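The following account leads through one structure, element by element. Please keep the sequence and the coordinates in view while reading.

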Amino acid sequence: MRVINGVLSLLLGLALLGGGLVVAVEAVAFAMGAGTPGIPVASWARLLEGRRVDDTWAIVGFASATVVGLILLVAELRPWAATRLSIAVVDDRSGGRWWIVRRSVERHVGQRVATRRATTIPRVRLRQRRGRWDARLVAVTDPETRQELEQVTRQELSRVGAPHDARVHVRIRGRRGLRSAPRVQ
Amino acid sequence: MSAAPTRRAERAQALANAVTLVPGVACLSPGSAVEAAVHYPGGKVIGVALNDGQVTVHVILDRLPIPPIVEAVRARIEDVLGSARPRVDIFVDGAEVDELPRRRDAQPMRPGRSPLALL
């Protein structure tokens, strides 16, 4: 979402910059009595005056704007994964906490698991719901290594300070298809 | 315990110095979206933020396990703060132990070298 916001901000900035330049050129040209050079404002006005709300192009424009707006609204309101995970209370009296960057933990766990059994670096997804960690790991390896992958994942989560009640869900993707393991407490 | 510095920037610098001396702390980090720093005329202390009743420290670690390192960081902060008991939030902005060299002459990261570049 951060990338989308950046792109939209860039487009908005460019649009405002272009509009500002047009207005500046118009103002200078009008002040000098040169009319509106190069900008067919009159033809634009005639085009709009000839349009009706129920014209096809108007309806398509309204619908497109509505769809884009709804997509952006849903994307902004969607609960995205937190960039940081809360680990524990540091000081009971002050309520201070400590946090860790989620992607850093995901990469660390993935690399450590890969060095143990998986043939490739597994995909690790960490989430935190009501203070409880939920780790989902997808690895391409031998299905018989699932227990070991779970164990390694738990060990690494423990080393980064994850709560002991963290849930670990390992999915093994073999060459013959997808096999899922039950959620392990 | 050492006496708490009276000036804000001095206190921030003392906190930064103490935290970077903790074994396992590679360096301080400016954070992600909003830079965590204490500004003063002519410079700033990166990685530490002091607000009313709250101290925030951003660190990058170079070893595991993390909990004892964070506990040591908290203890160092308490030593510097002395009798003051603000809320202390510690942010581990990176734990790329396989990628970071271990160094004892740790310096705060420059703003342009955000740890997010590692992610």
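Is the crossing of H1(B) and H2(B) left-handed or right-handed? The crossing of these two helices is right-handed; a crossing is called left-handed if the near helix is turned anticlockwise from the far one by less than a right angle, and right-handed if clockwise. Helices (H or I, at least four residues) and strands (E, at least two) are DSSP runs, numbered from the N terminus.

This is a predicted model, in which local features need pLDDT of at least 70 and side-chain atom pairs count only at pLDDT 80 or more, while totals for chains, interfaces and linings use all residues. Residues are numbered from 1 along each chain as its sequence is written, chains are lettered from A and ligands numbered from 1 in the order in which they are written, and side-chain values use heavy atoms, with hydrogens and water left out.

Two packed helices are described by the angle between their axes and the distance between the axes. In chain B, H1 (residues 8–20) and H2 (residues 66–81) pack at about 145°, their axes lying 9 Å apart. Such axes are lines fitted to C-alpha atoms, for helices over the stretch in contact, and angles run from 0 to 180 degrees between N-to-C directions. H1(B) contributes B:Arg11, B:Ala14, B:Leu15, B:Ala18 and B:Val19 to the contact, and H2(B) contributes B:Val73, B:Arg76, B:Ile77, B:Val80 and B:Leu81 (contact means heavy atoms within 4.5 Å). Eight of the contact residues are nonpolar, two are charged and none is polar; Ala, Val, Leu, Ile, Met, Phe, Trp, Tyr, Cys and Pro count as nonpolar, Asp, Glu, Lys and Arg as charged, and the others, Gly among them, as polar.

The loop between strand E5 (54–61) and H2 of chain B holds B:Asp62. This residue counts as buried because its relative accessibility is 1%, where buried means under 20% relative accessible area, exposed over 50%, and partly exposed in between (1.4 Å probe, protein chains only). B:Asp62 lies 39 residues from B:Pro23 in sequence, with 9.0 Å between their C-alpha atoms.

In chain A, A:Val138 belongs to strand E4 (residues 132–139) and is buried, with a relative accessible area of 16%. Leaving aside residues up to four places away in sequence, A:Val138 touches A:Pro122, A:Arg123, A:Arg171 and A:Arg173. Its C-alpha atom is 5.1 Å from that of A:Arg123, 15 residues away along the chain.
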